[in-house]
Amino acid sequence: MKFFELVRFALGAIVAHPMRSVLTSLGVVIGVAAVVMMTSIGLGASKRVTEAISGLGSNLIIVMPNFQRGPVSQGAGGGFSLRDGDAEAIRKQVENVAAVAPIVRGQAQLASEGANWNTQIQGVTPEYLIARDLKITQGRMFDDREARQGRKVVVVGPTVVKELFGGSDPVGRRIRVRSVPFEVIGVLESKGQAGFGQDQDDVVLAPLSAVRSRIVGRRSRGDSIQTIYVKATDEDSLDRVQEDVTNLLRDQHKIRQGEDDDFQTQNMASILAASQAAIGTFTVLLAAVAGVSLVVGGVGIMNIMLVAVTERTREIGLRMAVGAKRSQILIQFALESVALSLVGGLIGLTIGVLGAFAIAKLGNWPAAVPAWAGPLALGFSVVVGVVFGAYPSWRAARLDPIEALRRE
Amino acid sequence: MIEIRDLKKVYVMGDEQVPALAGVSLGIARGEYVAVIGPSGSGKSTLMNILGGLDRPTSGLYSFEGEEVGSFTDDQLADFRRRRIGFVFQSFQLLPRLTALQNVELPMVYAGLGAGERRARAAELLDRVGLGARMGHRPTQLSGGQQQRVAIARSLANKPDLLLADEPTGALDTHTGEEVLKLFHELNADGLTLAIVTHDPDVANEAHRRVAFRDGHIVSDERSPKAAESQKGGA
């Protein structure tokens, strides 16, 4: 006898009760759909975080003051322990550095002829573009000389162009920052919305010294910096550069052995790895919870298969009388259980994939159904079918043909 | 063809041992038409189940064409039933989901025949039992007599050596019962060996030989007068 005939018997029994079959496999449908959706949500979130973090710039080390151990004695600095000299020292003394970009930031009200916009203005040097992998689409970036002189020029992001100039070419026009007029000399390329719901295009870049004297001047010491971006030449030297920067700054700040740093350095690669690990753990947890419903689905299949064996006792007896072996009865019922589960798995996979895309659209993140979701979901369905069909099938195969034929 | 010697079957019910067959010896030759009669509980159904390979004797010998069936494993018994035996039951035992044609095909599926071959033979058999026009009908769309004829066609599917019928007319009215008996007669005339369990004297009289059971013993074994002149095949 051919195996195919047993498959045909199993499918025939399923098709004979379409409604019952669908309801039976519903548990597996939900289980598989949930597992697929959870893993793809996890993967989508991971992808989005990756985009956001790498959107900050590749091979980047961020140096910030350590507020936990702020040098209060430095008074007017108000916790800003980084100085111009630190950035200068990194540039001169650390090897494998592609760019060093010191930054000061200030919140400011911007005004063009007809519009207002409140945003953060960043005081930077031209190297900032290299560190953050930014590009200019219109106009130009200010040069080192302009930066040193503290010229009142700005480079703005697309969002700012839209808000203040209604999208028209802003190069050569003026905006007022806290009523100080600045000339727009360039527009940055759009980096999109990605990144923790933050608009990366809502930026205003101005020479560091101009921002310091015009906008944040009264609140901080003359040479303090909020952040230094250090870009390593390549990924391999990232850790080394981070170490060198740390050692250098400890030296610069005269921190003795055993004392804590008054600054902190963050390596983008390790931030990325840490957040991906966290999301991965979370995804596994979600999928495991969803997997529980697969087990519940399996119990539903076992229940109906036991009913089917009881209902079809006479059929089983007759099949045995016309020459079916016990193993053939066993396989027929096992296949029936696997087919129920597999159909549930296929429907569940379809719903899961559609659901994942719908959720991605709603949550505005990249839809990511892992390639292994299909095989995995179907594999799990088969396992559920085999495991929960085993006992009912065994009961069917153990029936005594005489007793079975006599059953009403 | 069949030789049984001192066959015993004891059922264990709790602590009690209930003997269903208390040492039965019997021979059936190819081409015979045997009726097994006796009151219920006399052991005749037990004998039929053992002859058909649905049950095993507790002791004694059962050889079928020289094969010792009594010592077969479950799988060997399944093969034996499939190749050697055709069953006809009182309650027809057709699968309600399947058409007449598919019901007749079923034993051939287990025999490993291809779909085309199966269908052709099933159609031929249904023609033979006079149901050529009703192949696509399901059991519920057929009368009792028609259902039993489908069952007979099914029992012939794998060209059995022995057809075993357990009260084949028990669920039929007199007229359709007679039709079924006529069919049996024809099959026997074509050389098929038949054994029918019945407690209906009219049915038993159709057979060429009557074996009477009581309390697990054979109490009589005689040729029917009617059969003597018409019997064919060798004893």
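Two strands pair if DSSP finds at least two bridges between them. Helices (H or I, at least four residues) and strands (E, at least two) are DSSP runs, numbered from the N terminus. The model is predicted: local features need pLDDT of at least 70, side-chain atom pairs count only at pLDDT 80 or more, and totals for chains, interfaces and linings use all residues. Residues are numbered from 1 along each chain as its sequence is written, and chains are lettered from A and ligands numbered from 1 in the order in which they are written.

**Exercise 1. Describe the sheet of chain B and locate the bridge partner of Lys8(B) in S2(B).**

Step 1. The sheet is open and has 4 strands in the order S2-S1-S4-S5 (chain B), with antiparallel pairing.
Step 2. S2 (16–28) and S5 (67–68) of chain B are the edge strands; each has a single partner strand, so one side of each is left without a neighbour in the sheet.
Step 3. Strand S1 (residues 2–13) of chain B pairs with S2(B) in the antiparallel sense over 10 bridges.
Step 4. The partner of Lys8(B) in S2(B) is Ala22(B).

**Exercise 2. Classify the orientation of H1(A) and H11(A).**

Step 1. Axes are lines fitted to C-alpha atoms, for helices over the stretch in contact, and angles run from 0 to 180 degrees between N-to-C directions.
Step 2. The axes of H1 (residues 3–16) and H11 (residues 326–363) of chain A come within 8 Å and cross at roughly 55 degrees.
Step 3. Angles under 35 degrees count as roughly parallel, over 145 as roughly antiparallel, 65 to 115 as roughly perpendicular and the rest as oblique.
Step 4. H1(A) and H11(A) are therefore oblique to each other.

**Exercise 3. Apply the classification to H5(B) and H6(B).**

Step 1. The axes of H5 (residues 144–155) and H6 (residues 174–189) of chain B cross at roughly 20 degrees and come within 9 Å.
Step 2. These two helices, H5(B) and H6(B), are therefore roughly parallel.

**Exercise 4. Characterise the side of chain B that touches chain A.**

Step 1. Residues are in contact if their C-beta atoms, placed from the backbone, lie within 7 Å.
Step 2. In chain B, 20 residues are in contact with 18 residues of chain A.
Step 3. Helix H2 (74–84) and helix H3 (100–110) of chain B are the elements that give two or more residues to this side, and H2(B) gives the most, with 6 residues.
Step 4. Ala, Val, Leu, Ile, Met, Phe, Trp, Tyr, Cys and Pro count as nonpolar, Asp, Glu, Lys and Arg as charged, and the others, Gly among them, as polar.
Step 5. By these classes, the side of chain B that touches chain A has 10 nonpolar, 3 polar and 7 charged residues.

How values were computed
Two residues are in contact if their C-beta atoms, placed from the backbone, lie within 7 Å.
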